[in-house]
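Reader: I am new to this structure. Can you walk me through how to read it?
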Amino acid sequence: MQSEIIGLSKEELLNMITEMGEKPFRAKQIWQWIYFKGALSFDEMTDLSKPFREKLKERFKISRPKIIKEQTSNDKTHKWLVEFEDGERVEMVYIPEIDRGAVCISTQVGCAMGCKFCHTGTQKLTRNLTAGEIVAQFMLARDTYHEWPSPTSETRFLSNIVVMGMGEPLQNVDNLIKALQILSDGDGIAISKRRITVSTCGIVPQINYVLEETGVRLAISLHGSNNEIRSKLMPINKVYPIEKIMEACQKYQSKDGSRYVTFEYLMIDGVNDHLENAKELIKILKSYHIRAGFNLIAFNPWPGCEFKPSPQHQIEAFAKILSSAGFACPVRLARGQDISAACGQLKSENKK
Ligand code: SF4
């Protein structure tokens, strides 16, 4: 039976190729065909001999997840529901800006974290995605937007990756690290580490390990200014409360003066959006000397949810308090809400 070639690390690919009796440089050629040129079959690899291509075909396949459904929002946000070989499905999203755009990819089918504001949190965790399945989501987006070979200029449609889709990435650490190493490899997909952000609900012991291994950026879903509010919204806060998160952030930023954390903060009407909450955030960040920016996002409703988004004037007043204390605080417009592609709205119905 053929195995999937997407998701092998460079080293694993090299070992496979030398095991097959080929010269090591062939591994680099194959890597570039797959990850730089986006080849979908071994027949395209015309600088490899025909007998070698036949041997590769017997042993490996190059696939993408199957697209079950695609939707484009009024603001051009694009959402895919994709299915893997075993029938498991996830959603992934592309959020375009004028001269760039971010692909939001998933790392798990469902999620065990149960955050109350998140639609994915209502879907039981079925399994972790493999490194290949994580990488293949981005490759599928590149297929859709015809962005092969990997663009060498800074101008590209798919310029950023946010690991913020379905699942908690730091609960799937080995596959995540491998996937991020493939996505950022300069001989292939070549998305700069500065343009990749991993967002976590705060699995404290893994935060610095993953970021040291991969060099990507950190975003933390905070959503509460004290442990009482945050624990109500995010059960994980009972295990890793705000103080532990701040300690992890301190460690992250101390390695290099240029690193800072982004806090995601969903503004939920009457729950976490009082101006006192903004002041509380400032107090805690200052006491831990955290350099940080905030993404304030109005809560995105989904069927059956118990919350409402904060009014715009409240979000703006909240942002003003944070920014006057020196924390960058853009108020992000919800993107893709009309197709349920906005932050916290993803959910995949499985075939099974
Ligand atoms: S916010 Fe993230 S960690 Fe929380 S339930 Fe949703 S997907 Fe899981």
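Reader: How do the residues of the shell around the ligand divide into nonpolar, polar and charged?

Author: Keep in mind that this is a predicted model. The shell divides into six nonpolar, four polar and one charged residue. Among the residues that surround the ligand are Cys 111, Met 113, Phe 117, Glu 168 and Cys 201.

Reader: In what order do the strands of the open sheet run?

Author: Follow the pairing from strand to strand. The order is 3-4-5-6-9-10-11-12-13-14, ten strands with mixed pairing. The edges are strand 3 (66–72) and strand 14 (331–332), and each of these pairs on one side only.

Reader: How many bridges join strand 10 to strand 11?

Author: Four bridges join them, and the two strands run parallel. Strand 10 covers residues 196–200, and strand 11 covers residues 217–221. Thr 200 stands opposite Ile 220 of strand 11.

Reader: Which residues of strand 13 are buried on one side and which on the other?

Author: Start with the general idea. Side chains in a regular strand alternate between the two faces of the sheet. Now the case here. Ala 292, Phe 294, Leu 296 and Ala 298 are buried on one side, and Gly 293, Asn 295 and Ile 297 on the other. Both faces of strand 13 are thus covered, with seven of its seven residues buried. Strand 13 also pairs with strand 12 in the parallel sense, over seven bridges. Phe 294 is the bridge partner of Phe 263.

Reader: What span should the 13 residues of helix 8 have?

Author: At 1.5 Å a residue, helix 8 (residues 242–254) should span 18 Å. Its end C-alpha atoms are 18 Å apart, which agrees.

Reader: Which residues of helix 8 are buried?

Author: First, the general idea. An α-helix has 3.6 residues a turn, so residues three or four places apart point the same way. In helix 8 the buried residues are Ile 242, Ile 245, Met 246, Ala 248, Cys 249, Tyr 252 and Gln 253. They cover an arc of only 160° around the axis, so they lie on the same side of helix 8. These buried residues pack against helix 6 (204–214), strand 11, helix 7 (227–233), strand 12 (261–267) and helix 9 (275–287).

Reader: Where does Pro 301 lie?

Author: Pro 301 is in the loop between strand 13 and helix 10 (312–324).

Reader: Why does Pro 301 count as partly exposed?

Author: Its relative accessibility is 35%, so Pro 301 counts as partly exposed; that class runs between the cut-offs of 20% and 50%. Leaving aside neighbours within four places in sequence, Pro 301 is in contact with Pro 309, Gln 337 and Gln 345.

Conventions:
Residues numbered from 1 in each chain as written. Predicted model: local features only at pLDDT ≥ 70, side-chain atom pairs only at ≥ 80, totals over all residues. Heavy atoms only, no water. Near = heavy atom within 4 Å. Nonpolar A, V, L, I, M, F, W, Y, C, P; charged D, E, K, R; others polar. Pairing = 2+ DSSP bridges. Expected span 1.5 Å × (residues − 1). Buried < 20%, exposed > 50% of the residue type's maximum accessible area, 1.4 Å probe, protein only. Arc of directions from axis to C-beta. Contact = heavy atoms within 4.5 Å.
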